[in-house]
Amino acid sequence: MTSLENWPRIAVVGAGAVGGYFGGMLARAGAPVVMIGRGAFVEAVRARGLLLDTLQFRETVRVEASTELEVVRGADIALFCVKTTDTESTARLLAPLLSPSATVVSLQNGVDNADKIRAAGIDAISAVVYVAASVPQPGTSSTSAAAIS
């Protein structure tokens, strides 16, 4: 496992299927990750860890989880993974919590989400994500294929 000293601190805002997968993979690689999600997700991850169920492996990783957006403070990178309908409201709440040097990456469906995040005063970038991820139960990220470009 890689030393945490070599990694930026990563926050996953909206730890569902996509956020759970990418945040989980980063945590598995050794990155310090905090996931912000719904109560059932947070309870499951705190109790048992995050189960990554992929074609290549099935593994539980330990990761910090919270229902409070406040834990994003101090993050160097924020993966923005909320539902499109929650983009604008979440971005407005997130903006005062981020450091000016934080990198925000929109991992969402929809072509204008990064623009909506930017409208809240956050310098966001878009990413194209190809992952067939699901959440069969809280605290589990199940995938059948993944790539990012």
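Which strand does S106 lie in? Let's find out by clicking around; keep in mind that this is a predicted model.

**Stop 1: S106.** Select residues 103-106 and you have strand β7, with S106 in it. Leaving aside residues up to four places away in sequence, S106 touches F80, N113, A114, I117, I125, S126 and A127.

**Stop 2: helix α3.** Next, select residues 87-94, which make up α3. Colour T87, T90, A91 and L94, the buried residues of this helix. They span an arc of only 100 degrees around the axis, so they sit on the same side of α3. Here's the background: an α-helix has 3.6 residues a turn, so residues three or four places apart point the same way. What do the buried residues of α3 pack against? Show β1, β6 (77-80) and α4 (113-118) to see their partners.

**Stop 3: the cores.** Pick V33, M35, F41, L50 and L79: in the largest nonpolar core, which has 24 residues, these touch the most other members. Elements supplying at least two residues each include β1 (10-13), α1 (17-29) and β2 (33-36). A second, separate core has 20 residues, among them V13, A78, L98 and A114.

Terms used
Residues numbered from 1 in each chain as written. Predicted model: local features only at pLDDT ≥ 70, side-chain atom pairs only at ≥ 80, totals over all residues. Heavy atoms only, no water. Core = buried A, V, L, I, M, F, W, Y, C linked by side-chain atoms within 4.5 Å. Buried < 20%, exposed > 50% of the residue type's maximum accessible area, 1.4 Å probe, protein only. Helix = DSSP H or I, 4+ residues; strand = E, 2+ residues; numbered from the N terminus. Contact = heavy atoms within 4.5 Å. Arc of directions from axis to C-beta.
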